[in-house]
Amino acid sequence: MGEKIKKQLVEIAQLMYTKNMVNAYEGNISFRKGNRVYITPSAVCKGFLKTEMIVVTDLEGNKIEGDYKASSEIKLHLAAYRMRNDIQGVVHAHTPYATAYALANKPIETNAYPELITLFGSVPLALYGTPSTDEIYQGIGQYIEEHDIILLANHGIMAVGCDAFDAFFKLEAAESIAKTLFLAEQMGGAKPLPQNKLQELYDIKKSAKKS
Ligand SMILES: [Zn+2]
């Protein structure tokens, strides 16, 4: 089982590297299985990651297995696992468009783009916390019950899911939506949908949540 999880993390890391979503110093991916957390190591280029480089820790971040040092942002991952039991995968990155929103301290939200509204509602902005300190995760507490994707002010973006692939797909979708909204801004701004059409989208989102 451990080997299969490590392979998945390497596969996601390579995908993210190919898509210019991560580099050696930014971005980390983890998977929780029971009381173990499998996480990408610190300062290794994601394109060259090997399964034997994956670090295994307990839920407090104490190393159980691996020669490398766990990502310095492991605190963010551990906090997400502590805050919600259903989370088994966390992906954090500094993807350009989402991170631009984070640097500008703007949540990713729209009244014009149906995909964002029906899939995620919005991507809220959590308060800034100094990287690698305990502050890094404190801002996510108020949003994580309701949101699987959160912007970290002046830092980047994180997504959570039922496994690491699920979290990655959400982060990838959020980056694509952020890019589209940014481009629309350059064209004079996205044209808002009328209130009755927005209501239909809110209803779709609500019924998707129930099912
Ligand atoms: Zn980061």
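Which residue follows α6 with a positive phi? Gly188 does, with phi near 105°. This is a predicted model: local features need pLDDT of at least 70, side-chain atom pairs count only at pLDDT 80 or more, and totals for chains, interfaces and linings use all residues. Residues are numbered from 1 along each chain as its sequence is written.

**View 1. The protein chain has seven helices and eight strands.** Helices (H or I, at least four residues) and strands (E, at least two) are DSSP runs, numbered from the N terminus. The radius of gyration, taken over C-alpha atoms, is 17 Å. The globule rule (2.2 Å times the number of residues to the power 0.38) gives 17 Å for 211 residues, so the protein chain is as compact as a globular protein of that length. The C-alpha trace spans about 55 × 35 × 30 Å along its principal axes. Two residues are in contact if their C-beta atoms, placed from the backbone, lie within 7 Å. Of contacts between residues at least 6 apart in sequence, 62% join residues at least 24 apart.

**View 2. Eight strands make an open, mixed sheet.** The order is β4-β3-β2-β1-β5-β8-β7-β6. Strands pair if DSSP finds at least two bridges between them. β4 (63-65) and β6 (125-126) are the edge strands, each pairing on one side only. β3 (residues 55-57) and β4 run antiparallel, joined by two bridges. Thr57 has Lys63 in β4 as its bridge partner.

**View 3. Helix α6 covers residues 164-186.** Its 23 residues reach 33 Å from first C-alpha to last. That is close to the 33 Å expected at 1.5 Å a residue (1.5 Å times one less than the number of residues). Buried residues in α6 include Phe168, Leu171, Ile177 and Leu181. A residue is buried with 20 or more other C-beta atoms within 10 Å of its own, exposed with 12 or fewer, and partly exposed in between; C-beta atoms are placed from the backbone.

**View 4. Thr180 sits in α6.** Thr180 counts as partly exposed because it has 17 C-beta neighbours inside 10 Å. Its C-alpha atom is separated by 20 Å from that of Asp148, 32 residues apart along the chain.
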